[in-house]
Amino acid sequence: MDEFENSSRDYNESYIYDFVEPCTVDRRQVIGNFLQLFVYPIICFVGFIGNALVIVTYALYKRAKSMTDVYLLNVAIADILFVVALPLIIFSERHDWSMGNLSCKLLRGIYSVNFYSGMLLLACISGDRYLAIVQARRSYRLRSSTLLYSHLVCAVVWLSALLLSLPTFIFYERYQPGPSESSMLSGDNSTFVCFFMFKSDETARVMKTVVPSSQLALGFFLPLLIMGFCYSSVIVTLLGAKNFQRHKAVRVVFTVVLVFVICHMPYNIALLYDIVNMFEQQECSHEESVTLTMTITKSLAYLHACLNPLLYAFIGVNFRSHFRKILRDIWCLGKNYMSARRSSRATTEIYVSTRLSMDGSCNENGTSFTM
């Protein structure tokens, strides 16, 4: 989401940064360093653990039997790739992209693909909930062929995300910026940076408008509209149902939508403002405020990657049951491993512990990692 805050060297020097002295970015640099060193690692660690548990649960404990299961698994895959790519991007930024131009394109491109796929998959989940609750009778035949349609939808989502990310793969380059651009991009005299670089001013002007506009329209407003329509219909249906759990279900829906809006709305508003005022001359203080706002709100959007497992997976009773089984199995395997190391009959101990785990007869009544 941060690649649209900067553009190519030639374009910047020709159209935007036509001044003698470059603007200072001291505050943005300080806050950016703080986020990279203290906030992003926490988001990546928590997001990795949560999404890894979702993937392990579906891989070893719970088969994906519904459309929502398939979507949740793909959301977890997108989020875990995101939280793995983000530290690599931060490391590369702080070391002048020493891994080369290929790493620049791949890391930024993977980041973009996972962003688009994750957002579109959340819209798919809301659509599936709409079919299951609001259109339950009409959608019965469609949802009975769950795996076929859900896998097809996921394939379309990933392909669409890849196509939307093509400009990142094509136009991102590792290059050595000029003095004014170096100050604007990183706040210091970096040797190399990884940002959009265009061969012509016309291409730069078009792509600098189209790419962030696509992110705003397809990566935020489209999922928001789909979620708003689907979940509002779900709430109306639940409120009309005679079920003692309807209020809990309504609260869950409200929470999902509210968290989505809180995490992504601020950054996208800042991005929209930046797009509207992109080609206008601005004072340094104003430009620094806009960039600083985008830097801070971007970290809030990152937070959604580690909240998705809590909102969509752990909130379910069945998933929490599988999660407890994972913890029991890890505890059992850990105890058996330690006892095997202390025993002179290590081979026998490992064999016996494996048999016990497969039979579900661990001392703590755990279950195995088998399906």
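One term before we set off: buried means under 20% relative accessible area, exposed means over 50%, and partly exposed is in between, with a 1.4 Å probe and protein chains only. You are looking at a predicted model, in which local features need pLDDT of at least 70 and side-chain atom pairs count only at pLDDT 80 or more, while totals for chains, interfaces and linings use all residues. Residues are numbered from 1 along each chain as its sequence is written, and side-chain values use heavy atoms, with hydrogens and water left out.

**Whole chain**

Start with a cartoon of everything. Of the 371 residues, 45% count as buried. Contact here means heavy atoms within 4.5 Å. Among contacts with a separation of 6 or more, 79% join residues 24 or more positions apart.

**Val250**

Select Val250, in helix α10. It counts as buried because its relative accessible area is 8%. Leaving out residues up to four places away in sequence, Val250 touches Ile235, Leu238 and Leu239. Draw a distance between the C-alpha atoms of Val250 and Leu238: 7.0 Å, for residues 12 apart along the chain.

**Ala270**

Stay in helix α10 and move to Ala270. With a relative accessibility of 10%, Ala270 is buried too. Beyond its neighbours within four places in sequence, Ala270 contacts Thr293, Met294 and Thr297. The C-alpha atoms of Ala270 and Met294 are 5.9 Å apart, although 24 residues separate the two along the chain.

**The α11 and α12 pair**

Now colour helix α11 (residues 284-302) and helix α12 (residues 304-313): they pack at an angle of about 25 degrees, with axes 6 Å apart. So α11 is roughly parallel to α12, since angles under 35 degrees count as roughly parallel, over 145 as roughly antiparallel, 65 to 115 as roughly perpendicular and the rest as oblique. Axes are lines fitted to C-alpha atoms, for helices over the stretch in contact, and angles run from 0 to 180 degrees between N-to-C directions. Show Leu300, Ala301 and Tyr302 of α11 with His304, Ala305 and Cys306 of α12 to see the residues that make the contact.

**The largest core**

Which residues have the most contacts inside the largest nonpolar core? Select Tyr71, Ile125, Tyr231, Phe260 and Tyr312, from a core of 41 residues. A nonpolar core is a set of buried Ala, Val, Leu, Ile, Met, Phe, Trp, Tyr and Cys residues joined through side-chain atoms within 4.5 Å. Helix α4 gives the largest share, nine residues. Zoom in on Phe260: setting aside neighbours within four places in sequence, its contacts include Met119, Leu122, Phe220 and Pro223.

**Ser150**

Last stop: Ser150, in helix α6. Ser150 is buried, at 0% relative accessibility. Outside four places in sequence, Ser150 is in contact with Met67, Val70 and Tyr71, and Tyr71 is one of the core residues you picked out at the previous stop.

Notes
Helices (H or I, at least four residues) and strands (E, at least two) are DSSP runs, numbered from the N terminus.
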